[in-house]
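Hi there,

Here is the structure I promised to pass on. Have a look through it first, and then read my notes below.

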Amino acid sequence: MSTIRLTTAQALVKHLAAQYIEIDGEEVPLFAGIFAIFGHGNVAGLGEALYHAQEQLPTYRAHNEQTMAHAAIAFAKANGRRRMMAATSSIGPGATNMVTAAGLAHANRLPILLLPGDTFATRDPDPVLQQVEHFGDPTITVNDCFRPVSRYFDRITRPEQLLTSLPRAIATLLDPEHCGPATLALPQDIQTFAYDFPESFFEPRVHRIRRPQPDPRELQEALAALARTERPLIIAGGGVHYAGACERLAEFARAHGVPVAETQAGKGALPDDHPCAVGAIGVTGSAAANRLAEQADVILAVGTRLQDFTTGSRTLFERDGLTLVALNVGHFDSAKHHALPLTCDAKAGLEQLSPALGDWRADGQWLEQANGLKRKWEEVVSRVTADDGLDLPTDAQVIGAVNRQASDDGTVVCAAGGLPGELHKLWQASGPGSYHVEYGFSCMGYEIAGGLGVKMARPEREVFVMVGDGSYLMHNSELATSVMLGHKLIVVVLDNRGFGCINRLQHATGGAGFNNLLKDCRTIPEGAPKTDFAAHARALGCQAESVSGIAALEAALIRARQASSTYVVALDTDPLRSTAEGGAWWEVAVPEVSEREEVNTAYRGYVEAKARQHH
């Protein structure tokens, strides 16, 4: 057996660079690069290896470990989980910064290879700088925090362990059912140790995503349920996008006359003007989709994990007499909510269901009702997103302005807070790739970094990042990275002077305004400072301006589209108003007793709502 002597870090980098994936008949590198912030835990080992592989595996420097991992995750999502990136940090705080990103990737079923540096495997210099000592277990390091938020975890304590562990990590990243973050903790001394690796370990390998086929019995049960339905509804989740099944779903819905509602991850599976599209479903759903969900006799959930925002905390469509068919590549998800499972790839499942249904179509009056509800909802969208000349516009009105300027080549990026809910209801998606909102983990600070990842994946698209002042202040440094790398973003900062979404939730559960809006926080007598977001963005190298009102925002967005580098537009918005129409109940626990009568009233409403839950 021919061998080559390499360090662990050199072997890891060389193996990653040899991985390819077939996409539409073309073989491209599986790993588009690696985000790295170096420290004493990875600069001498992995850093030196990456230096010599810059052409095969580009290294990108970021400003924060959490947000560089967010960018890598967004890149993978925008590529439909077919291409991905890695991220490496030093030991200690650099590593723990990435734990939040790992949780985000785990919740959203998205691939990223995390390579945190670790303490010395030899323990010769223990305790090394940044090492957290566990008094009763010397094998524990901060990297053990990655275990519950990784789909695959290993600590490489011998160079030869790479031979088995690295391919298994890659297999996890590419597994349609178990996809999620894979973490290989790399002790800094082990990174530098050499071993005679077999040359075969570095031969190019082309990967192809599996498409699990449906079990014949599950398929027959699903067909039987659909064949007897008169009022079917499809719920499209993120799995539709990842399976490349958007076109197949559009054809299925049109052929069989079935309305299609979309989750946050599924939004954009159908263009908004598709005759069967009825909009968002659930807590942040349209009145049209939610009304249909309440009346449907069979729901075909495709590629969705059916979390609480989709089901209205188990009140929207889990009721007696309803049949739920869960078509999902993961049996963990297809078996939820007492559903009839159809465990398979979304595209493969739809391709087998449609011809087996033949010329069956849903009751014509059902689709006619769906279209009528959709038209009424479109009137709502038009009204709430229209400019009414307010100095402090609503989130909905800002969304309308951005939506109008985005056109078909635009992608909106957002995460956490009130904006995702308004976007889910109101954004008119032009089709796949036009809507990128992280709401599985609802992670503040994803927005700008996520926009960077989307732009790296889809440079031909105009990327519009919508971010509140709270998230902007949490994580904004990747604006400088976008300028440095030449990946233009258009960023709209909505300044409502605080955490407006949670302030509204606080009031909705009977609480007093407290510690959310800046005016309700402990401050100096003069109050909290007014942040000049445009000036801050310019300091990071962006073009930027502050505007007032929707008309000025639209004019600024036109200038932003014409710009050649990242452009930030900031404006003040109303912290209190949100779209009342649409939506469904969301369970947020309310105190059983309180000195505030408002809380007691909210608790009575909470108990009443819980009575509608179905288990």
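This is a predicted model: local features need pLDDT of at least 70, side-chain atom pairs count only at pLDDT 80 or more; totals for chains, interfaces and linings use all residues.

Cysteines first. There are zero disulfides in the structure. For Cys145, the closest cysteine sulfur belongs to Cys443, and at 16 Å it is too far away for a bond, since a disulfide needs two cysteine sulfur atoms within 2.5 Å. Cys179 is in no disulfide either, with the sulfur of Cys246, its nearest, 16 Å away.

Next, helix α3, which runs over residues 65-78. Its 14 residues span 20 Å from the first C-alpha to the last, close to the 20 Å expected. Because 14 of the 14 residues are buried, α3 is largely enclosed by the rest of the structure. Just after the helix comes Gly80, with a positive phi of about 60 degrees.

Finally, Leu557, which sits in helix α22 (residues 550-562). Leu557 is buried, at a relative accessible area of 0%. Leaving aside residues up to four places away in sequence, Leu557 touches Ala401, Val402, Gln405, Phe464, Ile490 and Val492. Ala44 lies 513 residues from Leu557 in sequence, and their C-alphas are 45 Å apart.

Best wishes

Notes: Residues are numbered from 1 along each chain as its sequence is written. Side-chain values use heavy atoms; hydrogens and water are left out. Helices (H or I, at least four residues) and strands (E, at least two) are DSSP runs, numbered from the N terminus. Buried means under 20% relative accessible area, exposed over 50%, partly exposed in between (1.4 Å probe, protein chains only). Contact means heavy atoms within 4.5 Å. The expected span of a helix is 1.5 Å times one less than its number of residues.
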